[in-house]
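Here are some questions about how terms are applied to a protein model. Each answer sets a value beside the rule behind the term.

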Amino acid sequence: MNTGLLLLRLVAGLLVAGHGVQKVSFHLGGRGLAGGTEEFRGDGFRGGVLTALVAGASQIGSGLFLALGLLTPLAAAGAMGVMTVAFTVKWPHGLWVQNDGFEYPFVLIVIAAVLSSTGPGDWSADAAFGLATWPAWCLPAAVVAGVGGGLATRYALHRS
């Protein structure tokens, strides 16, 4: 079980972090901060550079924490939040990613929720700090904070 949780955390967390790196730099195929800003403006968001910076930092931070298994419910909430915003952008295109749909952000939201539910496993920073077992209320709290925060962000920053 620990091997599976480690692989799930590493793959999902590093992919989320990689998306953040793309938003703010030229690494991993990114178009730099100007490109990230343009992407958000093109998707109808206000805030320009600040929006791209906060989104990128949120993705990098939550992704790395998730990969490490560090403060897992908080990391999962962060990942769910940024991926919920992506989900809302992709929603009009339907489910499938080949049509620019919401399939990929949805899968990352579910993975983050699962990790919040199961905990990060014994091979994690949480376990090293004695935090590998989180109370049962962490899953609903992480989902409400993450998905709710993502929806609130969309509502606050998106131009109608």
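Ala, Val, Leu, Ile, Met, Phe, Trp, Tyr, Cys and Pro count as nonpolar, Asp, Glu, Lys and Arg as charged, and the others, Gly among them, as polar. The model is predicted.

Q: How do the residues of the lining of the largest pocket divide into nonpolar, polar and charged?
A: The lining of the largest pocket has 16 nonpolar, 21 polar and seven charged residues.

Q: How much space lies in the largest pocket, and which residues are closest to its centre?
A: The largest pocket holds about 840 Å³ of space. Of the 44 residues lining this pocket, Lys23, Phe40, Gln59, Val82 and Ala86 are the closest to its centre.

Q: Which helix gives the most to the lining of the largest pocket?
A: Helix 4 does, with nine residues. Other elements that give two or more residues include helix 1 (2-24) and helix 7 (138-157).

Q: Which residues make the contact between helix 3 and helix 4?
A: Helix 3 uses Ala55, Ser58, Gln59, Ser62, Phe65 and Leu66, while helix 4 uses Thr72, Ala75, Ala76, Gly78, Ala79, Val82 and Met83. By class, this contact has eight nonpolar, five polar and no charged residues.

Notes: Residues numbered from 1 in each chain as written. Predicted model: local features only at pLDDT ≥ 70, side-chain atom pairs only at ≥ 80, totals over all residues. Heavy atoms only, no water. Contact = heavy atoms within 4.5 Å. Helix = DSSP H or I, 4+ residues; strand = E, 2+ residues; numbered from the N terminus. 1 Å grid on protein atoms, 1.4 Å probe; cavity = no way out; pocket = protein on both sides within 12 Å on 5 of 7 lines; lining within 4 Å. Points joined across faces, edges and corners; volume = space filled by probe spheres on them.
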